[in-house]
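My notes are below the picture.

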Amino acid sequence: MAELKIWMNGKLVAQAEAVLPVNSAAVFYATNVFEGLRAYWNTEDGELYCFRLSEHFSRFRESMKMMRFTIPFSDEELFEAVREVLAGNELREDIHMHMVAYVTGTGLDATTPTGLYINPRRRAGVAEGTGLSCCVSSWVRTADNAIPIRLKSGSNYQNGRLATLQALADGYDQPIFLNKEGHVAEGTGATFFMVRKGRIVTPPITADILESITRTTLIDPICPELLGMGVVEREIDRTELYVADEAFFCGSGYEITPSVSIDRFPLGDGQVGPITRRLQRAYMDIVRGTDKRFAEWRTPVYRTVKVS
C-alpha cells in the first residue's frame with residue numbers, strides 16, 4: 001500500500017519531508033492546535049465526502065484564538081487544502097486526517113511564524129458488534145482554568161495519555177475521566193453518552209469536555225429526528241455508570257464506539273445495546289451520504305462545488 005503524502009503549507013510532500021525544527025515551540029512546547037477530520041467513500045456516488053468541514057474550521061480558529069496565533073490561510077483555502085491532500089493521494093476509501101496549525105518560532109511566548117499541515121491516515125474502527133471494556137480513571141480531567149479541554153491542542157492530550165497508559169496497564173481498553181467536581185467528563189479523545197432508564201444522557205459542555213462536533217450532530221438532529229429520542233444534558237455521577245443500560249464514546253475519530261463494561265460492571269447484558277446500534281447505523285449513513293439528508297454537511301472531493 002502506497003505511503004500517503006502530507007499537505008504542508010501548500011505542497012504535497014513525502015512523510016519524511018514533513019519536518020519541523022527541533023527547537024520550535026511546536027516541537028518543544030507542543031504549541032499547536034488541531035482538528036480530526038473524516039472523509040467517507042460512497043461507492044454508489046463514486047465520491048469521497050468530508051464531513052462538517054465548516055464546523056471543524058470554526059472550532060480550529062477558536063483554538064488558535066485561545067492560543068494567540070493564527071495562520072495565513074482562509075477557510076476557502078482550507079477547504080481546497082483538504083481536497084488537495086485527498087485527491088492528490090487518489091484516495092477512494094474512508095480516511096481520517098489531522099489538520100494541524102503550529103508555531104515554528106522559539107520560546108514559550110512565540111506566536112510566529114506559523115504553518116499548517118494535513119496528515120491523512122487510515123484508521124480502523126471498532127469491529128461491528130463489539131465494544132470496549134472501560135474504567136473510571138484515577139487521573140482527573142484537566143479543568144477549564146488550568147488546561148482547557150475546549151482548546152484542541154496536542155499538549156492537552158498528555159492528560160489522556162496518562163489515563164490511557166494506566167487503563168491499559170490495568171487490563172482495560174479505555175478510561176473515562178471524572179472532572180474536578182467528581183462528575184463524569186469524557187473519554188481521552190471522545191465525548192461520552194449513556195443510556196439509562198430509556199433516556200440518552202451526556203454531560204454538559206461545562207463539564208470540562210471538548211465541544212464535540214459529533215456530539216452536536218447526535219444531539220441535533222440524529223437522536224430526536226432519526227431515533228425519536230431527545231438527549232438529556234446533565235451532570236452524571238460515577239455510580240450511574242455502573243447501572244447504565246448502554247454507553248458509548250463519540251467523536252470524529254471514534255465515530256460511535258460502544259462500551260460494554262465499566263470497572264468490570266457489565267452494561268445491560270454486556271453486549272452492544274440496541275440504541276447504540278441504531279445510532280451507529282444512522283450516523284454512518286449520514287456521514288457516508290447513504291442517507292441523502294443533511295447534504296450541506298458533506299463536502300465532495302472529486303466533484304467541483306462552490307463553498308459559501
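This is a predicted model: local features need pLDDT of at least 70, side-chain atom pairs count only at pLDDT 80 or more; totals for chains, interfaces and linings use all residues.

These are my entries, one topic at a time.

**Entry 1: the main core.** I looked up the largest nonpolar core and got 33 residues. Phe60, Val82, Leu86, Met97 and Leu116 have the most contacts inside it. H3 supplies the largest share, with 6 residues.

I then picked Val82 and listed its contacts, skipping residues up to four places away in sequence. Val82 touches Leu37, Cys50, Leu53, Phe57, Met97 and Ile118. Another core, of 23 residues, lies apart from the largest one; its members include Phe51, Ile256, Ala282 and Val287. For background, nonpolar side chains tend to be buried together in soluble globular proteins.

**Entry 2: Arg38.** Is Arg38 buried or exposed? I got a relative accessible area of 4%, under the 20% cut-off, so Arg38 counts as buried. Arg38 is in strand S3. A polar atom of its side chain lies 2.8 Å from the backbone oxygen of Ser252. Beyond four places in sequence, Arg38 touches Tyr49, Cys50, Phe51, Ile95, His96, Met97, Arg123, Ser252, Gly253 and Glu255.

**Entry 3: Val260.** I found Val260 in strand S13 (residues 255–262). Val260 is buried, at 15% relative accessible area. With neighbours within four places left aside, Val260 is in contact with Gly131, Leu132, Phe265, Pro266, Leu267, Gly270, Gln271 and Val272. I also checked Val260 against Leu168: they are 92 residues apart in sequence, and C-alpha to C-alpha they are 16 Å apart in space.

**Entry 4: cysteines.** How many disulfides does the whole structure have? My search gave 0. For Cys134, the nearest cysteine sulfur belongs to Cys135 and is 7.3 Å away. A disulfide needs the sulfurs within 2.5 Å, so Cys134 is in no disulfide. Cys134 is buried, with 0% relative accessible area. Cys223 is in no disulfide either, the nearest cysteine sulfur being that of Cys250, 9.1 Å away. Cys223 also comes out buried, at 0%.

**Entry 5: rings.** I counted 12 aromatic pairs in the structure. The Phe34 and Tyr157 rings have centres 5.2 Å apart and planes at 55 degrees, so I logged this pair as tilted. It links distant parts of the chain, 123 residues apart: Phe34 is in strand S3 and Tyr157 is in helix H4 (residues 157–169). Phe34 is buried at 12% relative accessible area, while Tyr157 is partly exposed at 29%.

Phe57 and Phe79 pair edge-to-face, with 4.9 Å from centre to centre and 75 degrees between the planes. Phe57 sits in helix H2 and Phe79 in helix H3, so this pair ties together parts 22 residues apart in sequence. Phe57 is buried at 0% relative accessibility, and Phe79 is buried at 6%. I also noted one aromatic cluster formed by Phe51, Tyr283, Phe294 and Trp297.

**Entry 6: charges over rings.** The charged end of Arg92 sits over the Tyr302 ring, 4.2 Å from its centre. The charged end of Arg264 sits over the Tyr172 ring, 4.1 Å from its centre.

Methods:
Residues are numbered from 1 along each chain as its sequence is written. Side-chain values use heavy atoms; hydrogens and water are left out. A nonpolar core is a set of buried Ala, Val, Leu, Ile, Met, Phe, Trp, Tyr and Cys residues joined through side-chain atoms within 4.5 Å. Buried means under 20% relative accessible area, exposed over 50%, partly exposed in between (1.4 Å probe, protein chains only). Helices (H or I, at least four residues) and strands (E, at least two) are DSSP runs, numbered from the N terminus. Contact means heavy atoms within 4.5 Å. A polar contact is a pair of N or O atoms within 3.5 Å; within protein, one must be able to donate a hydrogen and the other to accept it, and residues adjacent in sequence count only if both atoms are side-chain atoms. Rings of Phe, Tyr and Trp (its six-membered ring) pair if their centres lie within 6.5 Å; planes under 30 degrees apart count as stacked, over 60 as edge-to-face and the rest as tilted. A charge sits over a ring if NZ of Lys or CZ of Arg is within 6 Å of the ring centre and within 35 degrees of the ring normal.
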